[in-house]
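Open the model in your viewer and keep the selection tool at hand. The tour goes stop by stop.

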Amino acid sequence: MNKEMSEILVRTGSGTKMGNLMRRYWVPVLLSNEIAEADGPQVRVQILGEKLLAFRDSEGRPGLIDEFCSHRGVSLYFGRNEENGIRCSYHGLKFDRNGKCVEVPSAPQTCARMNIKSYPCIERAGMLWAYMGPEGKMPAPPELEWCTLPDSHVFVSKRLQECNYLQAMEGGIDTAHVSYVHKYEVDEDPMHKGTKALDYIKADGNVIFDIERTDIGMTLFGRRNGEADSYYWRITQFLFPWFTLIPPFGEHSLAGHVWVPIDDHNCWAWSINFHPDKPLSAEERCDLEAGKGIHCEYEPGTFRPKANKDNDYLIDRVAQREKRAYSGVFGFAIQDASLQESMGPIQNHEAERLLPTDKAIVMARRMLHEAAVNLELGIEPPALNSSAQHVRAAGVLLDRNISPVQWGEQHLTDSTKQPVFSV
């Protein structure tokens, strides 16, 4: 990847090619419970390089507005959330959840020119989503399976990842790394243990890929040796522009991620577990809340992981030698983050020497780059039809003479109406 292509992909601020593309989709902003109360404390939010403020008005409706007052640039974080609006503590200007200035005490006649930026919001899966793109282009709300289920069926967390979204998301697309960095922990993790899939993953690190480009992203077929007459296929989904779905393990809950830029050097890694047809058990929810599986423990009062770059991710060299942690770092989320953050805030893509196992990453980069460049030429982005998001990841044993792509065409088209395929 040359420097020009890399610059397009990693820059997501206002007015950039990739930033313009991402603003055409519904953007996960924060957990709904971060602004749980009507007239409760407002919360700073930075997304795609924009500094914003989230709050609930007196009627409980969510709002997402510019953080700064239009008068003298004071942060409205220090304002008062009351009577259906945020009032600036400096000179009393008041703004409703739509950014409309509804009061200027010293000059009422100026209200109309004091409005601030705001973005439409919806709530899905316990998350607040915003549309940050141009008027008249808003797509239908997201319909990923986990967005449509009762709260009892879904668990969602987010964590700060201190690197560019692209290198974080590519970890979600890259199924080859599972045979290495997660190798020694999967047997004990409550979201993975006790499944035959683990034997295949640990035994065969030489993954062979087929990739199918789709209208909404791509389906990645990762082949490992299964039984004597079969291959084990881990089928991962990448959905435009930042969703990944993880192949399931046995009867455990399904899972996925969303990778959302905060700015060019940081991103939110959203992690989701869900059952399509039943609530998460009390034991499952307890494990997820404790940071098991793809989730993590936090520094108190923050969404920054407890194991982070300032403490070398609590690396344990004894555990590494004893083959309890492949890299010496514990926790799937932190194992991935430690390696992705080690690349630097923005990876030097020109220095890469890619391998055959990087096919899916190369395709994802090309698709994102193509869509960003095309949008500037007036060509509409892909995957704006949310009904096309009705897909799942899968793990399946297939006879060695069966094409996984053909199998996928039969079983993964509108796959939320199919059984869960897992090993």
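Is Glu380 buried, partly exposed or exposed? Select Glu380: at 40% relative accessibility it counts as partly exposed. Buried means under 20% relative accessible area, exposed over 50%, and partly exposed in between (1.4 Å probe, protein chains only).

Before moving on, note that this is a predicted model, where local features need pLDDT of at least 70 and side-chain atom pairs count only at pLDDT 80 or more, while totals for chains, interfaces and linings use all residues. Residues are numbered from 1 along each chain as its sequence is written, and side-chain values use heavy atoms, with hydrogens and water left out.

**Around Glu380**

Glu380 lies in the loop between helix 8 (359-376) and strand 19 (394-399). Helices (H or I, at least four residues) and strands (E, at least two) are DSSP runs, numbered from the N terminus. Show Arg24 and Lys137 next: Glu380 is in contact with both, leaving aside its neighbours within four places in sequence. Contact means heavy atoms within 4.5 Å. The side chains of Glu380 and Arg24 make a polar contact at 2.6 Å. A polar contact is a pair of N or O atoms within 3.5 Å; within protein, one must be able to donate a hydrogen and the other to accept it, and residues adjacent in sequence count only if both atoms are side-chain atoms.

**The annotated span**

Now pick out an open sheet of four strands, in the order 2-3-4-9, with antiparallel pairing. Strand 2 (43-47) and strand 9 (118-119) stand at the edges with a single partner strand each, so one side of each has no neighbour in the sheet. Two strands pair if DSSP finds at least two bridges between them. Strand 4 (residues 62-66) has two bridges to strand 9. Leu64 stands opposite Tyr119 there.

Go to strand 16 (residues 243-246). Phe243 and Leu245 point one way, Thr244 and Ile246 the other, and all are buried. Strand 15 and strand 16 form a hairpin with three residues between them. Phe238 has Thr244 as its bridge partner. On strand 17 (residues 254-263), which pairs antiparallel with strand 16 over four bridges, Val258 is the bridge partner of Phe243.
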